[in-house]
Amino acid sequence: MKRIFFLVPILVFAGLTVLFWDRLGGGPPNVLPSPLVGQSAPNFTLPPLDAQATGFTRDELGKGRPIIVNFWASWCAPCRLEHPILEALAAKGDVALYGVDYKDKPEDARGFLTELGNPFSKINADQEGRVAIDWGVTGVPETFVVDANGVIRVHYAGPLTEDVLRPLVLPAMAE
């Protein structure tokens, strides 16, 4: 009888472990289940990063071509890690890449882009972080693929890598 009392906590722990693993999906944590995937991109009004930048509006998303919208910041270490991937995407020339600088000083963001290169064809500044909230951003970097009709197809949290780009982002661009 005493053995049963010792086994019960172990069995309960094992059962809860299996249940939690199943509920979490066992998948990568960066592919967030976003309520925006499959929905139109939210409306927003943001200024361009600075006088050197061209800004963009919600109306430009979904004008017949897919667009990658990347939320980033100069103070963000993972943003530095993903920057070569963004640069390579921009160099291809067939991908529209728009940036949203998140809770950053424009001069710091410009310094970041001057140092590492500017992969974005258009850049807005979200200094208050309010637009990021509307888009469901929980931290930077975060990337969205908006299709030719203005519908969000992918929401990825974390730095983009080749392992994410090939199976997740690029196929969504072809839809």
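**Close-up views of a predicted model**

Both Cys76 and Cys79 are buried, where buried means under 20% relative accessible area, exposed over 50% and partly exposed in between, with a 1.4 Å probe and protein chains only. This is a predicted model, in which local features need pLDDT of at least 70 and side-chain atom pairs count only at pLDDT 80 or more, while totals for chains, interfaces and linings use all residues. Residues are numbered from 1 along each chain as its sequence is written, and side-chain values use heavy atoms, with hydrogens and water left out.

**View 1. The disulfide of Cys76 and Cys79.** Here the two sulfur atoms lie 2.4 Å apart; a disulfide is a pair of cysteine sulfur atoms within 2.5 Å. The count of disulfides comes to 1. Because the torsion about the S-S bond of Cys76 and Cys79 is about 85 degrees, this disulfide is right-handed.

**View 2. Trp72 and the residues it touches.** Look for Trp72 in strand E1, residues 67-72; strands (E, at least two residues) and helices (H or I, at least four) are DSSP runs, numbered from the N terminus. With a relative accessible area of 1%, Trp72 is buried. Leaving aside residues up to four places away in sequence, its contacts include Cys79, Gly99, Tyr102, Phe112 and Val140, contact meaning heavy atoms within 4.5 Å. Gly99 is 27 residues from Trp72 in sequence, and their C-alpha atoms are 7.1 Å apart in space.

**View 3. Phe71 and its aromatic partners.** Rings of Phe, Tyr and Trp (its six-membered ring) pair if their centres lie within 6.5 Å; planes under 30 degrees apart count as stacked, over 60 as edge-to-face and the rest as tilted. By this rule there are 9 aromatic pairs. One of them joins Phe71 and Trp135, a tilted pair with 5.8 Å centre to centre and 55 degrees between the planes. It links distant parts of the chain, with Phe71 in strand E1 and Trp135 in helix H4 (residues 130-135), 64 residues apart. Trp135 is buried, at 1% relative accessible area. Phe71 also forms an edge-to-face pair with Phe144, at 5.8 Å centre to centre and 70 degrees between the planes. Phe144, in strand E4 (residues 142-146), is 73 residues from Phe71. Ring pairs link Phe44, Phe56, Phe71, Tyr98, Trp135 and Phe144 into a cluster.

**View 4. His155 meets Glu142.** His155 sits in strand E5, residues 152-157, and counts as buried at 4% relative accessibility. Its side chain makes a polar contact of 2.4 Å with that of Glu142. A polar contact is a pair of N or O atoms within 3.5 Å; within protein, one must be able to donate a hydrogen and the other to accept it, and residues adjacent in sequence count only if both atoms are side-chain atoms.
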